[in-house]
Every structure is written in C-alpha cells, then in structure tokens.
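Here is a friendly walk through one model, with charges, helices and distances along the way. Please keep the sequence and the 3D view open as you read.

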Amino acid sequence: MTQVILGENEQLESALRRFKREVSKAGILADVRKNRHFETPTEKRKRKAIANQRQRRAFRKKRTS
C-alpha cells in the first residue's frame with residue numbers, strides 16, 4: 001500500500017504531488033488499467049509499442065555491456 005506522511009509545515013498540494021508520484025512508481029494505475037475488462041484498440045497499440053521500446057532498450061543495453 002502506498003502512503004505519504006505529511007511533514008510538519010508541508011502543504012497539501014505538495015503531499016498530493018508526492019502521493020501521485022509514489023502511486024505512479026508503484027505501478028498501481030497501470031495494473032488497474034491492465035486488469036480492466038475492455039481495452040480499446042488505441043490503448044492496446046500504445047501498450048504494445050511501449051513494451052517493444054522497453055525490450056529494444058534492454059537489448060541494446062545488454063549488448064553494449
């Protein structure tokens with residue numbers, strides 16, 4: 001579970017920004033979208049393109065090391 005502890009003089013906006021960043025890092029929203037019942041064709045193409053880019057980047061990184 002993602003949680004953010006407020007600092008003593010911290011503004012709500014900055015805490016909310018930190019919370020959103022933590023949720024994004026944890027991949028919670030991506031997981032929710034992935035497990036939705038229906039995925040539009042646009043979302044499917046975008047997801048596959050991003051996965052393909054990650055795979056190519058990892059392959060290039062492995063080759064240069």
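Predicted model: local features only at pLDDT ≥ 70, side-chain atom pairs only at ≥ 80, totals over all residues.

## A patch of positive charge

On the surface, R54, R56, R57, R60 and R63 come together in a patch of positive charge. A patch here takes residues with over 30% relative accessible area and no salt bridge, joining like charges within 9 Å and nonpolar side chains (Val, Leu, Ile, Met, Phe, Trp, Tyr) within 5 Å. Lys and Arg count as positive and Asp and Glu as negative, while His and the chain ends are not counted. Each charge is placed at NZ of Lys, CZ of Arg, CG of Asp or CD of Glu.

Residues are numbered from 1 along each chain as its sequence is written, and side-chain values use heavy atoms, with hydrogens and water left out.

## The helices

Helices are DSSP runs (H or I, at least four residues), as are strands (E, at least two), and they are numbered from the N terminus. The expected span is 1.5 Å times one less than the number of residues. Just after α1, G27 has a positive phi of about 75 degrees.

For α3, the 24 residues should span 34 Å at 1.5 Å a residue, and its end C-alpha atoms are 35 Å apart, which agrees. This helix is hardly covered, as the count of buried residues among its 24 residues is 0. Buried means under 20% relative accessible area, exposed over 50%, and partly exposed in between; the areas come from the Shrake-Rupley method with a 1.4 Å probe, and for residues only the protein chains shown count as cover.

## Two salt bridges

How many salt bridges does a search of the whole structure find? The search finds 2, a salt bridge being a side-chain nitrogen of Lys or Arg within 4 Å of a carboxyl oxygen of Asp or Glu. Side chains of opposite charge can pair when their charged atoms come close.

R18 pairs with E10, with the closest N and O atoms 3.0 Å apart. R18 counts as partly exposed at 29% relative accessibility, and E10 is partly exposed too, with a relative accessible area of 25%. R47 pairs with E39, and here the closest N and O atoms are 2.9 Å apart. R47 lies in helix α3 and is partly exposed at 39%, while E39 is partly exposed at 24%.

## Places and distances

K46 is also found in helix α3 and counts as exposed, at 57% relative accessibility. Its C-alpha atom is separated by 34 Å from that of I5, 41 residues apart along the chain. R36 belongs to the loop between α2 (28-34) and α3 and is partly exposed at 43%.

M1 lies in the segment before α1 and, at 99% relative accessibility, counts as exposed. From M1 to R47, 46 residues apart along the chain, the C-alpha separation is 25 Å.

Technical notes. Buried < 20%, exposed > 50% of the residue type's maximum accessible area, 1.4 Å probe, protein only.
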